[in-house]
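Open the model in your viewer and keep the selection panel at hand. The tour goes from the contact between chains to single residues.

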Amino acid sequence: MLINQFLLLAAILFCIGVYGVLVRRNGVLVLMSIELILNAVNINLVAFGTQHDISGQVFALFVIAVAAAEVGVGLAMVLLLYRTRRSINIDELDELKG
Amino acid sequence: MIAALLGADSFTGAVPTNIAFAIVAAMMIFAAIRVVTTRNVVHAALYLVLVLGGVGINFLLLQAEFVAITQFLVYVGAIVVLFLFGIMLTKAPLGVSDDLDNRKQRPIAAIVGLLMLAVLSFALIKTWTDQKVPFRLSAATNTTELSDSIFSTYLIPFEVVSVLLLAALIGAIVLARKD
């Protein structure tokens, strides 16, 4: 197996995730796209880990733990948003606009 | 391209692993595209399961068994359920809905994604042209090595991650509490 096939698959997943973050307006779906990006990075870390030492897999485990924390806090924020505004449309959050 | 991928290696397991990779990769790309294009929120979460499971199979193909098991337990077991709870609690439209996408941003987002893919794949193909994944016959050493590394070299980051999880737990409770 070439290492490149894993890296290219990860690149494709990353770009699909970026597209999702840019185009979705539902808060939960934006978080799902961020999960796609994080998983692409994990494939990269493990694939590069096969070329050097085991550190790649250690970092992949750390990324999984941080992603779990991120989803927990992110969904709590989306929930709070829903409670205060009755909608989780990201495009309506434009108070910072001048 | 496919023939090059299939015949690329000399060890005996090359062809089956490459066929498995091709099937899983095709499934993952299809499911990932469906995650960002489907008009049904619950379907997006279920397609996400396919992508996350495919990532776990990729870890197995890269001989990272422990990371693969963690991926299945944490992502497929916990995070997707969390997403389904999020969908339920925010009373998202359960059927087909046209309001999930910002239609004006679709072309520009597609351009950004394709440009990024072009740059990334150019750099990857140029840098990692021929490097192969080394094949280890003794699978047991991998997890042993991983645990040795976590509990010696990366001990302090490991402890910090536990504090981070506690902070995220308390933060999520404080944010989502009703009062």
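**Where the chains meet**

Select both chains and look between them: 74 residues of chain B are in contact with 59 residues of chain A. Contact here is a matter of C-beta atoms, placed from the backbone, that lie within 7 Å. Next, colour the side of chain B that touches chain A. Helices α2 (14–37), α3 (41–61), α4 (65–89), α5 (106–127), α6 (140–150) and α7 (155–176) of chain B each supply at least two residues to that side. By class, the side has 55 nonpolar, 14 polar and 5 charged residues. Ala, Val, Leu, Ile, Met, Phe, Trp, Tyr, Cys and Pro are counted as nonpolar; Asp, Glu, Lys and Arg are charged; the others, Gly among them, are polar.

Some ground rules before moving on. This is a predicted model, in which local features need pLDDT of at least 70 and side-chain atom pairs count only at pLDDT 80 or more, while totals for chains, interfaces and linings use all residues. Residues are numbered from 1 along each chain as its sequence is written, and chains are lettered from A and ligands numbered from 1 in the order in which they are written.

**Chain A**

Chain A has 3 helices and 0 strands, in the order α-α-α from the N terminus. Helices (H or I, at least four residues) and strands (E, at least two) are DSSP runs, numbered from the N terminus.

Now colour by burial. Of the 98 residues in chain A, 57% are buried. A buried residue has 20 or more other C-beta atoms within 10 Å of its own, an exposed one 12 or fewer, and a partly exposed one falls in between; C-beta atoms are placed from the backbone. Among contacts in chain A with a separation of 6 or more, 47% join residues 24 or more positions apart.

Bring chain B back. The largest nonpolar core has 68 residues. Such a core is a set of buried Ala, Val, Leu, Ile, Met, Phe, Trp, Tyr and Cys residues joined through C-beta atoms within 7 Å. Select A:Ala10, A:Leu13, A:Val28, A:Met32, A:Val46, B:Val35 and B:Val51, which touch the most other members. Two or more core residues come from each of α1 (3–23), α2 (27–49) and α3 (55–85) of chain A, and from each of α2, α3 and α4 of chain B. The largest share, 15 residues, is from α1(A).

Zoom in on A:Ala10. Leaving aside neighbours within four places in sequence, A:Ala10 is in contact with A:Ala40, A:Ile43 and A:Asn44.

**Towards the end of chain A**

Select A:Tyr82, in helix α3 of chain A. With 18 other C-beta atoms within 10 Å, A:Tyr82 is partly exposed. A:Tyr82 touches A:Ile88 and B:Thr90, not counting residues up to four places away in sequence. Draw a distance to A:Leu22: the two C-alpha atoms are separated by 20 Å.

Move on to A:Arg86, in the segment after α3 of chain A. Phi is positive there, near 60°, in a residue other than glycine. A:Arg86 counts as exposed because it has 9 C-beta neighbours inside 10 Å.

**Chain B**

Chain B has 7 helices and 0 strands. Of its 179 residues, 22% count as buried. Colour domain 1 (2–96 + 104–135) and domain 2 (136–179) of chain B, with bounds from an automatic or database domain assignment. Their contact takes 6 residues from domain 1 and 5 residues from domain 2.

Select α7(B). Its 22 residues should span 32 Å at 1.5 Å a residue, and its end C-alpha atoms are 32 Å apart, which agrees. The expected span is 1.5 Å times one less than the number of residues. Helix α7(B) is hardly covered, with 1 buried residue among its 22 residues.

Finish at B:Gln63, in the loop between α3 and α4 of chain B. B:Gln63 is not a glycine, yet has a positive phi of about 60°. B:Gln63 counts as partly exposed, with 19 C-beta neighbours inside 10 Å.

Key: Contact = placed C-beta atoms within 7 Å.
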